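User: I would like to learn how to read a fold from its coordinates. Please take me through one case.

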Amino acid sequence: MSNKVIVMVYDSDDTRHGEISILESAHKAARLVETLLEAGFGQDRIRIFNGDEMGMQVTHRPVVALVNNEASDQSDQAAAGADEQAEEQRELEEAATRPRSEPREAVAAAPFSRDGIRFSSLFRPA
């Protein structure tokens with residue numbers, strides 16, 4: 001890490017913005033400042049800094065997302081669902097290859113119902 005000279009020229013409208021030049025020596029920085037002054041930049045807009053480059057260390061942190069229990073249950077169910085889906089696929093393949101000895105149970109007499117409750121009865125008319 002070598003010692004550098006930083007010359008900053010602020011914008012005339014906004015001192016939070018400007019142009020930065022990083023130079024190898026104080027002699028080169030002095031020549032740049034002379035050139036800037038001759039070009040019409042005001043002395044109050046020019047700043048000179050002396051500094052060394054600093055090293056940095058980057059570490060990665062785990063990212064945590066807080067979710068409610070329903071979302072957590074859904075993600076657990078999704079993981080379990082993949083296993084169940086593979087098992088169902090295996091059962092379907094086995095069922096397709098073996099002969100049927102019993103007739104398959106007919107579709108429920110009342111479509112869109114479960115446990116004796118019709119789906120449409122759960123909603124009231126508007």
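**Reading the fold**

Analyst: There are two helices and five strands in the protein. Helices (H or I, at least four residues) and strands (E, at least two) are DSSP runs, numbered from the N terminus. This is a predicted model: local features need pLDDT of at least 70, side-chain atom pairs count only at pLDDT 80 or more, and totals for chains, interfaces and linings use all residues. Residues are numbered from 1 along each chain as its sequence is written, and side-chain values use heavy atoms, with hydrogens and water left out.

User: Which pattern does the protein follow along the sequence?

Analyst: The pattern is β-β-α-β-α-β-β.

User: Which residues make up the largest nonpolar core?

Analyst: A nonpolar core is a set of buried Ala, Val, Leu, Ile, Met, Phe, Trp, Tyr and Cys residues joined through side-chain atoms within 4.5 Å. Buried means under 20% relative accessible area (1.4 Å probe, protein chains only). Here the largest core has eight residues: Val5, Val7, Val9, Leu23, Ala29, Val33, Leu36 and Ile46. Both β1 (3-10) and α1 (26-38) supply at least two residues of this core. Across the protein, buried residues are 10% of the 126 residues.

User: What is Leu23 in contact with, beyond four places in sequence?

Analyst: Contact means heavy atoms within 4.5 Å. Leu23 meets Lys4, Val5, Val7, Lys28, Ala29 and Leu32.

User: Where does Lys4 lie, and which side chain does a polar contact join to Lys4?

Analyst: A polar contact is a pair of N or O atoms within 3.5 Å; within protein, one must be able to donate a hydrogen and the other to accept it, and residues adjacent in sequence count only if both atoms are side-chain atoms. Lys4 lies in strand β1. Its side chain has a polar contact of 2.9 Å with that of Glu24.

Definitions and conventions
Buried < 20%, exposed > 50% of the residue type's maximum accessible area, 1.4 Å probe, protein only.
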